[in-house]
Amino acid sequence: MENGKLSREEALENSSCKHACHVLFYCDTNTLLFERIPIKHIILMQMRFDGLLGFPGGLVNPQEETLEAGLSRELLEEVGVALPMSVEDHVDARYAPSKSSSKPLSGLITHFYVRKMDEEQIREMERASASTATDHGLEVLGMVRVPLYTMRGGKGLPSFLSHSFIGNARSQLVDFLLRLNLVAPWDLRNALADSLKTHADKAHDLRAALALTQANRKRFESTPARAPATSSQTSS
């Protein structure tokens, strides 16, 4: 079992695990950024309620509904569009990364789907996610596009990859950027290398921000608290 990878049938036979289904929606585009940088492809992800990046989808109970029906239900809640998913869209199933070193396999199986769409369908999904999706502003804080270009200073894809992702979402993204030939292997390798540097720079910034808050806390604690104004003081 390579990296916890399962066939769809093997995954469904495991009734003791929870199942989560997520989907990567993408399209081709001729749009240019700043009228000079080709965007080439649009990939949708979302900012979750916990501040992590992930793909649309959620938990599904195969004993009550099919994986695809459950995923379509989740999409209606998160994206605001009823999109019927098919078995043909299912491209991967595997155990989610375990949080315990003593348990190499977790109790969650992740199913991944990929669907290519027209650019207008992608735009409609973006509009609906902010206007009609019941989870907007709650479980989902907004849809985001993955920048597949790299700009000077490691901006673009390298910066995006340095963000925090839920579970194996970053690995899923990288894997299918290669499988779908959306980013050249050498460009993706360079982006990941730049992302490591960006991550190190962010860690430095976070330590500086932490030091600032600690300094302000000490100053606040050393300042005597002022008594609240009485009604006679406020009326004079």
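Predicted model: local features only at pLDDT ≥ 70, side-chain atom pairs only at ≥ 80, totals over all residues.

Reader: Let us begin with the rings. How many aromatic pairs are there?

Author: Two rings are taken as a pair if their centres lie within 6.5 Å. By this rule, the structure has 3 aromatic pairs. In one of them, the ring centres of Phe55 and Phe112 are 5.1 Å apart and the planes stand at 70°; an angle over 60 degrees counts as edge-to-face, so this pair is edge-to-face.

Reader: Which parts of the chain does the pair of Phe55 and Phe112 tie together?

Author: Phe55 belongs to the loop between strand S6 (53-54) and strand S7 (57-60), whereas Phe112 belongs to strand S9 (residues 108-116), so the pair ties together parts that are 57 residues apart in sequence. Phe55 has a relative accessibility of 3% and counts as buried. Phe112 is also buried, at 1%. Together with Phe176, Phe55 and Phe112 form one aromatic cluster.

Reader: How are the rings of Phe160 and Phe165 arranged?

Author: Their centres are 5.8 Å apart and their planes meet at 75°, so Phe160 and Phe165 are an edge-to-face pair. Phe160 is buried at 8% relative accessibility, and Phe165 is buried at 9%.

Reader: Next, the nonpolar cores. Why would one look for nonpolar side chains in groups?

Author: In soluble globular proteins, nonpolar side chains tend to be buried together. Here, the largest nonpolar core has 23 residues, and those touching the most other members are Leu24, Ile43, Met45, Val146, Leu173 and Leu177.

Reader: Which elements each supply at least two residues of this core?

Author: They are strand S2 (18-28), strand S5 (41-48), S9, helix H4 (157-161), helix H5 (169-179) and helix H6 (185-222). H5 gives the largest share, with 5 residues. If neighbours within four places in sequence are set aside, Leu177 is in contact with Ile43, Leu148, Leu182, Val183 and Leu188. There is also a second, separate core of 18 residues, and its members include Ile42, Met85, Met117 and Met143.

Reader: Let us turn to single residues. Is Glu68 buried or exposed?

Author: A residue under 20% relative accessible area counts as buried; Glu68 has 6%, so Glu68 is buried. Glu68 lies in helix H2 (residues 67-79). Its side chain makes a polar contact of 2.6 Å with the side chain of Tyr113. Beyond its neighbours within four places in sequence, Glu68 is in contact with Arg8, Met85, Ser86, Val87 and Tyr113.

Reader: What is the relative accessible area of Leu108?

Author: Leu108 has a relative accessible area of 26% and is partly exposed. Leu108 is part of strand S9. With neighbours within four places in sequence left aside, its contacts are Lys18, His19, Ala20, Leu59, Arg94, Tyr95 and Ala96. The C-alpha atoms of Leu108 and Pro97 are 8.5 Å apart, and the two residues are 11 residues apart along the chain.

Conventions
Residues numbered from 1 in each chain as written. Heavy atoms only, no water. Phe/Tyr/Trp six-rings, centres within 6.5 Å; stacked < 30°, edge-to-face > 60°. Helix = DSSP H or I, 4+ residues; strand = E, 2+ residues; numbered from the N terminus. Buried < 20%, exposed > 50% of the residue type's maximum accessible area, 1.4 Å probe, protein only. Core = buried A, V, L, I, M, F, W, Y, C linked by side-chain atoms within 4.5 Å. Contact = heavy atoms within 4.5 Å. Polar contact = N/O pair within 3.5 Å; in protein donor to acceptor, adjacent residues only side chain to side chain.
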